[in-house]
Amino acid sequence: RTPEHPNARTHEPTPMLLPILYHYIRALAGPGVRGRAALRAWQDERVRRHLRRVVPRSRFYARHYAGERLDEWRALPLVEKGTLMAEFDAWNTVGVRRDEAMAAALRGEESRDFAPTVRGITVGLSSGTSGKRALFLASAAERQAWAGTILAKLLPAPIWVAQRIAFFLRANSTLYQSVASRHLRFEYYDLLAPLEAHVERLNRLQPTILIAPPAMLRLLADAPALHIAPRRVISVADVLDPQDERRIAQRFEQPVHQVYQATEGLLGASCRLGTLHLAEDVVAVQGEPVDVATGRIMPILTDFRRTSQPILRYRLDDVLALRRDPCACGSPFLALARIEGRCDDLFWLPDGRDGALRPIFPDALRRAMMIAAPEVATYRVRQLDRDRVEVALLAPPADAERAVRAALDRLWAAVGVAPPTLAFVPAEPPDPARKERRVERLWQGIEGGAP
């Protein structure tokens with residue numbers, strides 16, 4: 001601990017480095033298969049073995065899958081976050097009750113000391129951008145597996161090469177502390193601390209790897225007093241807006257890599273070429289089509305390593321845009337063009353001819369805003385009602401509203417929807433402790449994310 005950062009912890013070599021090294025090597029080696037068909041067969045074997053082991057240990061899944069053929073796992077009934085959180089006590093396999101997990105997580109949020117666990121199980125709490133805060137659990141073995149896997153996917157050099165990692169998140173966790181070792185200096189930066197304090201610490205640390213949500217990376221990119229040159233910049237915990245990506249890459253003279261991780265676990269990471277791939281060596285992903293023509297899906301996850309809190313046939317409410325051409329890195333894992341956002345952030349506006357609701361994806365709105373007002377770092381576009389949209393701009397130039405209105409009018413015309421009533425309001429400054437939702441649908445006049 002230091003006077004400047006009293007919640008910081010020093011990181012000494014841990015006796016658990018051998019398991020982490022094992023998972024690091026395992027992740028580097030990968031499944032050892034070529035092509036999607038071989039990968040699917042490799043996953044099938046591991047998922048079936050995992051289900052036979054974990055389903056009897058989870059009272060919820062044992063009940064949910066009673067009478068089902070586990071070997072035909074791709075057709076098992078789906079589950080969603082709301083159901084699993086309501087069934088938390090029966091869902092997990094380690095006997096942690098929802099009330100004690102929530103109490104431990106909230107104590108960490110309040111004290112900003114995230115080291116305590118519940119009987120050796122790490123407890124975490126999501127940020128709740130969907131309106132529903134979710135608890136996650138990770139055993140010691142799962143922490144080691146996560147640490148080895150994430151190091152293999154993110155380090156720009158072998159694990160024995162010394163790195164100084166600056167990691168920004170809303171909450172710290174023993175999950176992240178597992179990464180620290182003699183060669184890896186890991187410093188947690190609390191998003192609630194002032195930006196000036198972050199800049200001072202970063203200038204002293206001179207990190208080789210900078211990891212933060214995109215809103216914080218953007219603030220750091222615009223901080224004139226910051227003088228660092230990280231070898232890798234990694235965006236986590238939120239959708240990376242193209243406008244932010246361009247500015248961050250320009251400032252740090254590095255492509256912006258990404259980690260796709262949620263309460264549900266590690267879901268994806270950028271390859272050496274910067275393409276975001278799903279982590280299909282850890283989780284089997286089935287795609288529920290959202291828009292077949294454009295290759296957008298909603299992922300259904302089956303994690304075949306996680307046992308303390310099984311994730312089986314779990315429908316995630318994200319929209320993923322698949323990349324149409326294969327990545328030159330040669331990985332058989334699905335490549336993403338981008339993470340669009342949450343399904344509940346799709347706008348639904350009436351068709352200009354028959355009034356039927358038509359979807360407009362968050363990425364289309366973000367790109368329209370980037371073209372219209374590239375110098376406006378903070379904006380929010382919200383659908384308030386069936387035919388009302390609100391735009392908030394922070395410190396816009398004089399002609400920004402006119403340019404935004406024209407860009408959105410072009411978008412409405414391209415999609416074929418009736419132009420909604422557009423209202424401009426002042427934007428609040430970004431809060432780095434909260435996920436930045438630049439595109440959000442507040443209108444609840446439709447069911448389940450679609451009409």
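How many bridges join strand 1 to strand 2, and in which sense do the two run? Hold that thought, everyone, while I cover the ground rules. We are looking at a predicted model, in which local features need pLDDT of at least 70, side-chain atom pairs count only at pLDDT 80 or more, and totals for chains, interfaces and linings use all residues. Residues are numbered from 1 along each chain as its sequence is written, and side-chain values use heavy atoms, with hydrogens and water left out.

Back to the opening. Strand 1 (residues 122–125) and strand 2 (residues 135–138) run antiparallel, joined by four bridges. Helices (H or I, at least four residues) and strands (E, at least two) are DSSP runs, numbered from the N terminus, and two strands pair if DSSP finds at least two bridges between them. Thr122 has Ala138 in strand 2 as its bridge partner. In a regular strand the side chains alternate between the two faces of the sheet. Strand 1 is covered on both: Thr122 and Gly124 are buried on one side, Val123 and Leu125 on the other. Buried here means under 20% relative accessible area, with exposed over 50% and partly exposed in between, using a 1.4 Å probe and protein chains only.

Next, please find strand 7 (residues 256–262). Five of its seven residues are buried, so it counts as mostly covered. Strand 6 runs parallel to strand 7, with three bridges between them, and Ser235 stands opposite Gln258. With strand 8 (residues 265–270), strand 7 pairs in the antiparallel sense over four bridges, and there Val259 faces Ala269. Strands 7 and 8 form a hairpin with two residues between them.

Now to helix 10, residues 214–221. Seven of its eight residues are buried, and these are Pro214, Ala215, Met216, Leu217, Arg218, Leu220 and Ala221. What covers them includes strand 3 (163–169), helix 9, strand 5 (209–212), strand 6 (232–235) and helix 11.

Let's stay with that last partner. Two packed helices are described by the angle between their axes and the distance between the axes. For helix 10 and helix 11 (residues 242–252), the angle is about 45° and the axes are 9 Å apart. Axes are lines fitted to C-alpha atoms, for helices over the stretch in contact, and angles run from 0 to 180 degrees between N-to-C directions. The two helices are therefore oblique to each other; under 35 degrees counts as roughly parallel, over 145 as roughly antiparallel, 65 to 115 as roughly perpendicular, and the rest as oblique.

Who touches whom? Pro214, Leu217, Arg218, Leu220 and Ala221 of helix 10 meet Gln243, Asp244, Arg247, Ile248, Arg251 and Phe252 of helix 11, where contact means heavy atoms within 4.5 Å.

Helix 9 (residues 195–205) includes Leu205, which is buried at a relative accessible area of 5%. Setting aside neighbours within four places in sequence, Leu205 is in contact with Arg164, Ile165, Ala166, Arg185, Glu187 and Tyr189. Leu205 and Ala166 are 39 residues apart in sequence, yet 8.2 Å apart in space, C-alpha to C-alpha.

Last stop: four strands form an open sheet of mixed pairing, in the order 19-18-17-20. Strand 17 (residues 379–385) and strand 20 run parallel, joined by three bridges, and Gln383 stands opposite Arg441.
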